[in-house]
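Subject: Structure for you to look at

Hello,

Here is the structure I promised to pass on. My notes on it follow below.

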Amino acid sequence: MSDTQPQQDIDLDPVTFEVLRSSFTNLVDRMAEQIQRTCYSFVIYNRDFSNCLNDAEGNTVMQGSQDIAVHVGTLHYTCKETLEYFEGDINPGDVYIVNDPYLGGTHINDVRIMRPVFHDGELIAVTQSNGHWADVGGPAPGSFNISANDHFAEGLRIPPLKIWDRGEFRDDVANLLTTNMRLSEDRMGDMRAQAEATRIAEERLLELVEKYGVDTVMTAFDESKDYVERMMRKQIDDLPDGTWHTQDYIDADPNKGEGFVTVDVKMTIDGDEVHYDLSGSDEYIGNFLNSTFGTSFSAVIAGTKMFFPDVPLNSGMYRVVSAELPEGTVVNAPEPVPVTGSVAGAYEKVMNAIFELWSEVLPERAMACAFNLEYLLAGGQDQRPGRDGKEFAWYDWMAGGWGGRDGKDGATATAPVFGAGLAVQSLEGQERDTPLLTSEHSIVTDSAGPGEYRGGFGVRKGGDILECENSVISYCSDRARSITWGINGGLPGIPHGVTLTKDGESEEMGTVFSSVPIEEGNEFVRPSSGGGGFGDPLDRNPQDVLVDVEDDYVSVERAAKDYGVVIEEIDPDLCEYEVDQEATEQKRDYIRENRREWLGEDPEIVAKRYNEGELDTLDLIRRYGVILDWSSGELLEQTTEDFREMLGERAVSEWS
């Protein structure tokens with residue numbers, strides 16, 4: 001075995017250990033297959049779910065090969081809380097349900113189903129399935145209510161409950177839950193699909209117990225966690241000790257006006273352990289972009305694991321990686337503070353900040369900021385022929401660009417870092433189920449953050465509203481202002497946000513709104529940002545810029561403004577372009593001489609030039625560092641100051 005996969009000091013022979021460890025992974029993957037084949041929710045079908053095998057104490061033993069780290073990083077907390085809640089009343093045939101974000105969970109849409117597994121009357125394990133239900137009640141379809149002041153206005157919070165009691169299905173409990181949710185039949189179907197997945201895992205585990213003996217399987221549980229701990233400690237111990245510090249930002253706290261909300265992350269490597277201190281983060285904010293402890297800890301784990309992809313994820317990693325998440329901050333909001341939008345808010349900021357910290361420690365794996373996770377939701381009554389006003393729920397997320405890397409451009413049109421296993425949803429499937437028609441789904445030119453190695457490109461998705469009644473639309477995202485940033489001299493991507501068109505009038509809706517009425521004939525469009533750039537854009541090979549122009553990834557105009565590459569259009573219809581080498585050298589010299597001064601220009605004057613049509617949005621963001629309210633054109637003075645400070649640290653300080 002290699003040094004990165006240590007096998008010493010185990011109680012099982014290596015062959016038996018590897019067979020059982022792989023069997024545990026297969027067990028969880030079989031749960032995934034069961035859920036994907038039998039779930040009712042299109043959201044879950046597109047892999048917004050995760051599963052795990054827990055030991056009798058609730059510790060995670062194994063996750064599946066495609067499960068989402070943000071979920072798995074919290075499932076052990078949920079399991080421990082549930083076992084404690086039912087202590088003394090845990091029986092064969094019991095099945096539990098919980099979605100409580102304040103009991104180590106993420107948000108109320110993530111519903112966990114748990115089944116205790118017994119052998120000869122002794123609890124030996126818990127099989128657990130987490131699925132993102134498309135709706136769990138509340139005033140807004142999809143349960144994303146930006147106006148919520150507390151969790152009571154978000155949806156149904158479920159403490160640990162039994163839905164099967166000693167093998168008997170609790171119709172009363174299940175009906176109470178699902179009748180308080182939209183499309184209750186679908187919710188019941190998802191519940192049963194997840195419960196069946198836990199039963200299949202129980203069956204498979206008991207087969208392993210019968211074959212190898214309960215003592216051997218329990219030893220393999222412990223050794224699987226020890227194995228991950230040893231792997232992680234070995235890799236951390238090979239790194240230099242030290243402390244690294246950075247910040248990321250949520251756009252604003254609606255209770256305090258404009259100006260960034262800080263997510264402060266300090267990482268310390270001490271010997272073979274890693275500790276994160278987020279105590280410098282701002283207090284929780286006045287909307288649902290806050291995180292709970294479980295969500296933020298999960299972001300810590302997921303962000304760390306991105307730089308150690310060969311290390312499996314189970315509770316062994318939590319012995320090596322720890323985090324300080326003070327209650328009352330935006331990264332650990334107490335009940336009843338709303339947290340449903342956490343994965344698009346504080347969660348993603350923690351994760352991207354950790355990317356930057358590890359990029360300093362492991363520069364060969366460095367990556368700039370990725371686009372922000374976003375959700376667009378619609379619901380109402382479907383009035384298309386044959387639908388007879390049936391309730392519908394449209395729940396969509398988009399792909400986008402990941403950050404540029406050391407020596408390589410970022411990934412384009414990729415799932416969010418929140419869940420790299422998420423699938424891009426089938427447009428045809430969405431159109432069959434809901435009265436929304438996709439009008440556009442394309443890569444956005446100039447959306448990637450410029451750099452020596454640019455970010456990946458984002459995607460634009462548009463839709464038309466068909467026959468419907470009593471219908472509304474909601475959106476959850478961020479980074480309309482704290483725009484996807486670059487590192488090592490790289491520049492930002494583009495703002496997130498939705499444009500809604502009614503009766504020919506278009507309105508910039510921003511990144512957070514809920515329950516906006518829609519009707520037939522309305523249209524919407526929203527882009528996802530590309531990833532931030534890595535390295536100085538003026539150091540990018542002009543031929544690479546030329547290829548991007550030929551592919552319509554970069555416009556001729558922005559090739560000159562962002563990269564200083566002057567490209568002659570020979571025959572655009574035939575994609576014939578040519579780099580003017582002499583003009584490029586002159587352009588780059590001109591930008592180098594002036595770009596620091598541009599970032600110091602009076603923001604009021606810059607905003608006026610924008611509103612008069614002299615400058616465009618990307619001029620403001622990438623050249624002048626000026627942020628406006630994109631719907632009104634109003635200068636955001638504090639946000640601009642914050643944004644310029646961020647550019648100074650991540651870009652200007654690295655420019656020659």
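I97 has L161 of strand β6 as its bridge partner. This is a predicted model, where local features need pLDDT of at least 70, side-chain atom pairs count only at pLDDT 80 or more, and totals for chains, interfaces and linings use all residues. Residues are numbered from 1 along each chain as its sequence is written, and side-chain values use heavy atoms, with hydrogens and water left out.

The sheet

Strands β3 (residues 95-98) and β6 (residues 161-165) pair antiparallel over three bridges. Strands here are DSSP runs of E with at least two residues, helices are runs of H or I with at least four, and both are numbered from the N terminus. Two strands count as paired if DSSP finds at least two bridges between them. In general, strands of a sheet pair through backbone hydrogen bonds, either parallel or antiparallel.

An open sheet of seven strands has the order β2-β1-β5-β4-β3-β6-β7, with antiparallel pairing. β2 (60-63) and β7 (168-169) are at its edges with a single partner strand each, so one side of each has no neighbour in the sheet. Helix α4 (residues 171-178) packs on the sheet and touches β3, β6 and β7; contact means heavy atoms within 4.5 Å.

L53 has M62 of β2 as its bridge partner. The hairpin of β1 and β2 has four residues between the strands, and G58 takes a positive phi near 95° there.

Backbone points

Most residues other than glycine have a negative phi, and most peptide bonds are trans. R47 is not a glycine, yet has a positive phi of about 75°. R47 is in the loop between α2 (42-45) and β1 and counts as buried, at 11% relative accessibility. Buried means under 20% relative accessible area, exposed over 50%, and partly exposed in between (1.4 Å probe, protein chains only).

S515, in strand β19 (residues 512-518), is also not a glycine and has a positive phi of about 55°. S515 is partly exposed, with a relative accessible area of 28%.

The peptide bond from E335 to P336 is cis, with omega near 5°. P336 is in the loop between β11 (321-324) and α8 (346-361).

One more residue

D544 lies in helix α10 (residues 542-550) and is partly exposed, at 36% relative accessible area. The C-alpha atoms of D544 and Y453 are separated by 9.5 Å, and these residues are 91 apart along the chain.

Regards

Terms used: Axes fitted to C-alpha atoms, helices over the stretch in contact; angles between N-to-C directions.
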